[in-house]
Amino acid sequence: MIVGIFFLVLVVMMLFGVPVAYSLGIASAGYMLATGTSLAMIVQRMVNGANSFTMLAIPFFFMAGELMNISGVTEKIIELAKALVGHMKGGLAQVNIVASVFFAGVSGSATADTAALGSSLIPAMVREGYDLDFSAAITVASSCVGPIIPPSITLVLYGILTGTDVGRLLIAGVVPGLIVAGSQMVYTHFHAVKMNYPSYPKATPKQMGRAVTKGFGALMMPIIIIGGTMTGIFTPTESAAIAVLYGIVIGFFVYRNIKLSAFFESLKKVGVNSMNNMLILAAASCFSWVLTMSKAPDMLVNVMLGISSNKTVLTLLILFLLILIGFFMQASQALVVLAPILLPVARAIGIDPVHFGLIMVVTLTFGGCTPPVGSMLFVVNSITKMGFARLTRAMMPLYLPLIISILLITFVPQLSLFLPNLVMR
């Protein structure tokens, strides 16, 4: 009963806009006071939670993405995507999707993807005869690959929260990310045929070579991260630091378009974002300790197994819960609260922790393109000024390929586990 009360308090505080770290800390402190536990444990658990080498990957990945963004890689990524898929039916819409895949390998953030590509591609699509509703909706949907394909800050966060191997998680995100993008490309093809959207002439070998040359610098960052981690040359945290070094070299010495003022502004931005995440993770460590002491995960396992012993039924219940929570909470916030609680349930029904991490991240990211708090919806609405209700209606058809992708990733474990099992035995 005490656990249930303070978990409810936690959720209510977060829904009313209380910062996640404060919500976790207050709920944890309330439980400790109610059970007579010394509040000194809060400090101890928060310090232990923040004292993690793996956690350094978060600010490094943030900084690597910032460096590539201010290096002007967006236009180069769009040009490369246009050379690869621009000749397909609905050419610029397909470019939008493929560019999101490439951009995901640079930023690891759905909102950064939406803002960077949306501001360029939505006006361009409208000029070429695409209706505004579809242009905005495909931009929102395609940005869902941002937190899935490495470098994924959300997957790093899940690894820290649950003690799962971050290297395996990052590699596991490659195929699911491509599945999400591929399902949207299939939908876009049929929709483009129906609406008779235009396409570009197929790129000549010379044009393809020029596009690959220009985009090569951006594409090397995910290759360095994935390749180095897969071969064991460096750890995920070390790969993040090397990605920052690579971003500095590309921005200052190859593209030569980073100004010192922009560089220092990025450092400040990354510092603030990183400290916010560090504080959340420290508070989450305290909250996880409270959950362990209260045996709440064990109780949840017993309750869910009491509902059904069928793995499929329980998996669908978990998906329903994740989608429901995703409507009201951002993915990273929901992950902090739900990962320590749901992972024991997943283990009890035989779901691999790496696979479950992909299930959680993909499903919670889906919430970013749904009302009422979908962050990608707000970004695109700020670009198009089309109104939140109209944008939500435009998104309805694109929810289908996203849901199909979620079900495929959930019920075909090898889609997530094939690569990490192949290269990290």
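Buried here means under 20% relative accessible area, exposed over 50%, and partly exposed in between (1.4 Å probe, protein chains only). This is a predicted model, where local features need pLDDT of at least 70, side-chain atom pairs count only at pLDDT 80 or more, and totals for chains, interfaces and linings use all residues. Residues are numbered from 1 along each chain as its sequence is written, and side-chain values use heavy atoms, leaving out hydrogens and water.

Let's turn to the aromatic rings. Rings of Phe, Tyr and Trp (its six-membered ring) pair if their centres lie within 6.5 Å; planes under 30 degrees apart are stacked, over 60 edge-to-face, and the rest tilted. The whole structure holds six aromatic pairs, and two of them are set out here.

| Pair | Type | Centre to centre | Angle between planes |
|---|---|---|---|
| F252 and F263 | edge-to-face | 5.5 Å | 70° |
| F366 and Y399 | edge-to-face | 5.5 Å | 75° |

Helices are DSSP runs (H or I, at least four residues), numbered from the N terminus. F252 sits in helix 13 (residues 236–254) and F263 in helix 14 (residues 260–294), so their pairing ties together parts 11 residues apart in sequence. F252 is partly exposed at 23% relative accessibility, whereas F263 is buried at 15%.

F366 in helix 18 and Y399 in helix 20 are 33 residues apart, and their pair links distant parts of the chain. Both partners count as buried: F366 has a relative accessible area of 6%, and Y399 is at 10%.

Ring pairs also join Y130, F134 and Y197 into a cluster.

How values were computed. Helices (H or I, at least four residues) and strands (E, at least two) are DSSP runs, numbered from the N terminus.
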